[in-house]
Amino acid sequence: MEKYKVGMVSLGCDKNRVDSELILGTINKFYEITNDPKEAEIIIVNTCGFIESAKQESIDTILEMAEYKNKYKCKMLIATGCLAQRYGEELLELMPEIDILMGVNDYMKLHKLILDFIRGERKLLATNYSDENINEGIRLLTTDKHTAYVRIAEGCDNYCTYCIIPKIRGKFRSRSKEAILEEVEMLVKNGVKEIILIAQDLTYYGMDIYKENKLHELVREISNVTGVEWIRLLYCYPEEITEDLIEEMAMNPKVVKYLDLPIQHISNNILKRMARRTNKETITNIIDKLRERIPGIALRTSLIVGFPGETEEDFNELCEFLEEYKLDNVGVFKYSKEEGTPAADMENQVEEETKEKRQEKLMLVQKKVVEELNKLKISKVYDTIIEGRRGKYFIGRSSEMAPEIDGNILVNTTRNLEKGDIVKIKIKEALEYDLVGEICDEFSK
């Protein structure tokens, strides 16, 4: 059979990226992978269906790629991911441009679906997720070779009132420590230095299969894998952060002093309406404890403005929280009314104009915080991982920066650096979100 060229467009979060890498890894031996969709005879769009803006981006991308059938070499258009899982047959009916549609965690079936289509069978794969424990399989990395995301669990049991993820991805399922460690060892053998642990809720890891939280043990065992330099934790719910995890982060030199705490709001009124299993006091207490026990820790969070029932008082409380607690990085999102969620049926929905104004104001508050924090970094020295070059500068990230979301360090040097090098950088200048620095020592790693 002719070896077709396959192109992938991956949208949405890091967990979706892992799905895309698994899809490519699963079909890699049967097809030629190309980064140029103009050359692809088969195009796969891995969609996001979390909020309205993400859904629209997914739809627009599918339609854009459908045009490649007329303009370039594309013979087959495949849609997968959360949007496909969520809307299934409705999406296929509304978008006949799609040739194959499949849901999440069904990538092992993709090669057969492609063969069926080639034989003349138009195929809709039933979008029923499996609640079985997941086996990640072989991946074809789309990140730089020195960095990889490792998903330690799938699904979610939290059922926040604004979130559709449990209905799309199913209940929380931890992977076994053995499977995760095997994947980490494989990644390191292929040059990965930074392991970024992801799940919908990292801090719940192990509760389903081990009946107790095992995140700290998993982190420790990953750090024992030869070749691992940095371990980064994304998406840790504050109410589940244990003393054991704090101790592991404080004492383990391979765990970067960085934590993503998706708190969503700080007003107890809104947290209750969101069905979050925490309150303002718990959130501020854990932030204080983390900063006390892990000096210099960088904290990131995501916040939602305009949630149903959010008053000016609630919003002002959120602004005051950011001004007081000065978190290093904050993502601000407007509430998206999603069908099938309890929040969509709540009274006191906030007008779109108000949401936009609140988002803009909160981002301005955080901008001032970042500018203030960045000025304090001048003259400090950071281990920095090099990711490429931009003009006269090499581009890197310190341990306080996650890929693609937290800014960069621009490194001014005549030295010939390679991607993945870890060097000591002394900060000389603070820009709006980025930093500028110079090498001040030999390679640290």
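**Ground rules**

I am working with a predicted model, in which local features need pLDDT of at least 70 and side-chain atom pairs count only at pLDDT 80 or more, while totals for chains, interfaces and linings use all residues. I number residues from 1 along each chain as its sequence is written, and my side-chain values use heavy atoms, with hydrogens and water left out.

**Entry 1**

I began with the UniProt record, an unreviewed entry, which puts a "binding site" at C13, C48 and C82. These three span 70 residues in sequence, yet no two of their C-alpha atoms are more than 10.6 Å apart, so I see them gathered at one spot. I keep in mind that UniProt positions are given in the numbering used here, that feature names are shortened, and that annotations may be inferred rather than shown by experiment.

I placed C13 in the loop between β1 (5–10) and α1 (14–27), and C82 in helix α4 (residues 82–94). My helices (H or I, at least four residues) and strands (E, at least two) are DSSP runs, numbered from the N terminus.

I then listed the contacts of C82 (heavy atoms within 4.5 Å). With neighbours within four places in sequence left aside, C82 meets N16, T47, C48, G49, V104, I168 and R169.

C160 is buried at 6% relative accessibility, and C163 is buried at 14%.

What do they touch, leaving out residues within four places in sequence? For C160 I noted M274, A275 and R276; for C163, F50 and T341.

**Entry 1: helix α12**

I checked the length of α12 (residues 312–325): its 14 residues should span 20 Å at 1.5 Å a residue, and the end C-alpha atoms are 20 Å apart, which agrees. The expected span is 1.5 Å times one less than the number of residues.

Which residues of α12 are buried? They are D314, F315, L318, C319, F321, L322 and Y325. They cover an arc of only 155° around the axis, so they sit on the same side of α12; I take the arc from the directions from the helix axis to the C-beta atoms. E313, E320 and E324 are exposed on the other side.

The buried residues pack against α10 (268–273), α11 (280–293), β13 (298–305), β14 (329–334) and α13 (352–376). Just after α12, I noticed K326 with a positive phi of about 45°.

**Entry 2: strand β11**

Both faces of β11 (residues 230–233) are covered, with W230 and R232 buried on one side and I231 and L233 buried on the other.

I traced parallel pairing of β11 with β10 (residues 194–198) over four bridges, and with β12 (residues 255–260) over two. Strands pair if DSSP finds at least two bridges between them. L233 is the bridge partner of L197 and also of L259 in β12.

Terms used. Buried < 20%, exposed > 50% of the residue type's maximum accessible area, 1.4 Å probe, protein only.
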